[in-house]
Amino acid sequence: MIEQMTDLPAGVLGFRARGQVTAADYENVLVPDVEAAFALNPKLRLLYHCGDDFTGFDAKAAWDDAKLGLRHFSGWERVALVTDVSWLRFAAKAMGFAMPGEFRLFGNAQLDEAKQWLLSP
């Protein structure tokens, strides 16, 4: 399941992933919110938090994530991934160089630090 984070300052869009993330989560929550944000702004700062209760993505959700990233390739100003899930951290480290804009990886205990980094000039 994906839910939009509401405790973020203006200019930062955030999502929290819990349990198994499905294509329906992307299609009903994440994609519409991201598209609405891009309609207002050509650049987006994004926080994606996968906490301890996150178990993974189904294949279609992973594909939807890739499509969304490519559709707005030059629009990602900063992206912060916050997680302690080891396989996700490994994948982010391995593929972080391919992320457009600035990308940083944070641990769960660094959630507030990630928010501050997204706000910094």
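Colleague: Is Arg-45 buried or exposed, and why?

Modeller: Buried means under 20% relative accessible area, exposed over 50%, and partly exposed in between, with a 1.4 Å probe and protein chains only. Arg-45 counts as buried because its relative accessibility is 12%. This is a predicted model, in which local features need pLDDT of at least 70 and side-chain atom pairs count only at pLDDT 80 or more, while totals for chains, interfaces and linings use all residues. Residues are numbered from 1 along each chain as its sequence is written, and side-chain values use heavy atoms, with hydrogens and water left out.

Colleague: Where does Arg-45 lie, and which residues is Arg-45 in contact with?

Modeller: Strands (E, at least two residues) and helices (H or I, at least four) are DSSP runs numbered from the N terminus. Arg-45 belongs to strand β3, residues 44-57. Contact means heavy atoms within 4.5 Å. Apart from neighbours within four places in sequence, Arg-45 is in contact with residues including Gly-11, Glu-77, Trp-117 and Leu-118. A polar atom of the Arg-45 side chain lies 2.3 Å from the backbone oxygen of Leu-118.

Colleague: How does Arg-16 read by the criterion of burial?

Modeller: Arg-16, in strand β2 (residues 12-21), counts as buried because its relative accessibility is 19%. Beyond four places in sequence, its contacts are Met-1, Ile-2, Glu-3, Met-5, His-49 and Leu-111.

Colleague: Which residues have the most contacts inside the largest nonpolar core?

Modeller: In soluble globular proteins, nonpolar side chains tend to be buried together. A nonpolar core is a set of buried Ala, Val, Leu, Ile, Met, Phe, Trp, Tyr and Cys residues joined through side-chain atoms within 4.5 Å. The largest has 22 residues, and Phe-15, Val-34 and Tyr-48 have the most contacts inside it. Helix α1 (23-40) is among the elements giving two or more residues; with six, α1 gives the most. A second, separate core of eleven residues includes Leu-8, Leu-111, Ala-114 and Trp-117.

Colleague: Which residues lie nearest the centre of the second largest pocket?

Modeller: On a 1 Å grid over the protein atoms alone, a pocket is an open set of points where a 1.4 Å probe fits, with protein on both sides within 12 Å along at least five of seven lines; lining residues have an atom within 4 Å of a point. Of the 15 lining residues here, Gly-11, Val-12, Leu-13, Ala-37 and Leu-44 lie nearest the centre of the second largest pocket. Helix α1 gives the most to this lining, with four residues.

Terms used. Polar contact = N/O pair within 3.5 Å; in protein donor to acceptor, adjacent residues only side chain to side chain.
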